[in-house]
Amino acid sequence: MRVELWDVYDDMRNHTGRTHARGVEMRPGDYHLVVNVWIRNAKGAYLLSRRAPDKQPFPDLWECTGGSALAGEDSLTAALREVKEELGIALDPDGGRLFRTEKRVDDHKDSWLFDREVDLADVLFQAGETCDARWADLPQLRAMAASGDLAPTILCDLDPLERLTTVYFIRHAQSDQSVHDDRTRPLTAAGMQAAAALPGKLKGIAFDAIYSSPYLRAMQTVTPLAKARRLPILEECDFCERRIGGGWIDNWEEYSRCEWADFGCKHEGGESLGEVQARNLAALTRILTAESGHTVAIGTHGCALSTVLSRFISGFGRDQYVELLPKLPCVYRLTFIGQECIDLKEL
């Protein structure tokens, strides 16, 4: 029988270069890596599996998928393998979010979240590990915890899951540059087609609310998503694109270099990037408070979005802004616990 080996880490999560055999007591000061993996569907319910009757400890109790990382695996690789082995589900590695880490007596534990639709009939159970599967939303999880039906190893994740807020910033699709009025510039035919494809690309995500800049191109971009999810679009003026002042900018490159070099730079009657960032972050803060624990979409603009990203991505500047400009539309997913951004990813 093959011995399962774990990598050994110190208390600061530095790899020691040593391995440890499962079943042998770990030395004081040694740690291994453990993962919990939560899968959430579009209704906001979480996939649970039932531990096999003879699986110790906690036989017959319900839990999310989890286990120990094998030697050579990082946290994400371990999470993907555990779900594949125990449930027969292949997850997209780009869809994972690390939302919690904890140092325990002899392990470093990571908790992951994936948004994914799963048909329970397609779940394949690993002999001796799992024997059943079900979906449960957060109130049901709380009730199961109170009744003792959940494995105690997952209880520590419930509070962070309730406070987990996911924000999808959706930069508008291609707009008609022949219309110089910022508020009324519409999408092109190609832009409308790209917007119509967004509900399919964001399939499986349980949106609770959709916000948008009131500018026409942003509203038109999120309208198909709002209709597909049967949600109203909540207009938020503070997500508007920055006001340039002085009309249309002919020498855009020179102006762009100036404003990104100095967040206080602006034309008379216009806004600096610092001012744009301040109002966008203020609006985001309000939404994180009002929509705590929810998943929301926000229709936005290239420059406005870039100022938000520069707050959370170290080194984000004009070069990254320029790279973003041809992406019409583009989607960034930001995950928060409270007001703290714990994950940011371009989809």
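Glutamate 129 is partly exposed, because its relative accessible area is 22%. The cut-offs are these: buried means under 20% relative accessible area, exposed means over 50%, and partly exposed lies in between, with a 1.4 Å probe and protein chains only. This is a predicted model, so local features need pLDDT of at least 70 and side-chain atom pairs count only at pLDDT 80 or more, while totals for chains, interfaces and linings use all residues. Residues are numbered from 1 along each chain as its sequence is written, and side-chain values use heavy atoms, with hydrogens and water left out.

Glutamate 129 has a charged partner. It forms a salt bridge with lysine 55, and the closest N and O atoms are 2.7 Å apart. A salt bridge is a side-chain nitrogen of Lys or Arg within 4 Å of a carboxyl oxygen of Asp or Glu. This pair links distant parts of the chain: glutamate 129 sits in the loop between strand 8 and strand 9 (130–136), lysine 55 in the loop between strand 4 and strand 5, and they are 74 residues apart. Strands (E, at least two residues) and helices (H or I, at least four) are DSSP runs, numbered from the N terminus. Lysine 55 is buried, with a relative accessible area of 13%.

How many salt bridges are there by this rule? The count comes to 26. Another one joins glutamate 63 to arginine 51, with the closest N and O atoms 3.1 Å apart. Glutamate 63 lies in strand 5 (residues 62–63) and arginine 51 in strand 4 (residues 46–51), 12 residues apart. Glutamate 63 is buried at 7% relative accessibility. Arginine 51 is buried at 8%.

Now turn to strand 8. Of the 9 residues in this strand (residues 107–115), 8 are buried, so it is largely enclosed by the rest of the structure. Strand 8 pairs with strand 3 (residues 32–40) in the parallel sense, over 9 bridges. Two strands pair if DSSP finds at least two bridges between them. Strand 8 also pairs with strand 7 (residues 97–103), in the antiparallel sense, over 6 bridges. Strands 7 and 8 form a hairpin with 3 residues between them. Look at serine 111 in strand 8. Its bridge partner is asparagine 36, and arginine 100 also stands opposite serine 111.

Aspartate 115 and arginine 97 have their closest N and O atoms 2.3 Å apart. Aspartate 115 lies in strand 8 and arginine 97 in strand 7, so the pair ties together parts that are 18 residues apart in sequence. Aspartate 115 is partly exposed, at 22%, whereas arginine 97 is buried, at 1%.

Next come the aromatic rings. The structure holds 7 aromatic pairs. Rings of Phe, Tyr and Trp (its six-membered ring) pair if their centres lie within 6.5 Å; planes under 30 degrees apart count as stacked, over 60 as edge-to-face and the rest as tilted. The rings of tryptophan 38 and tyrosine 46 have centres 5.8 Å apart and planes at 90°, so this pair is edge-to-face. Both residues are buried. The rings of phenylalanine 312 and phenylalanine 336 have centres 5.7 Å apart and planes at 80°, so they too are edge-to-face. Phenylalanine 312 lies in helix 8 (residues 302–312) and phenylalanine 336 in strand 14 (residues 330–337), so the pair ties together parts 24 residues apart in sequence.

Helix 8 itself is mostly covered, with 9 of its 11 residues buried.
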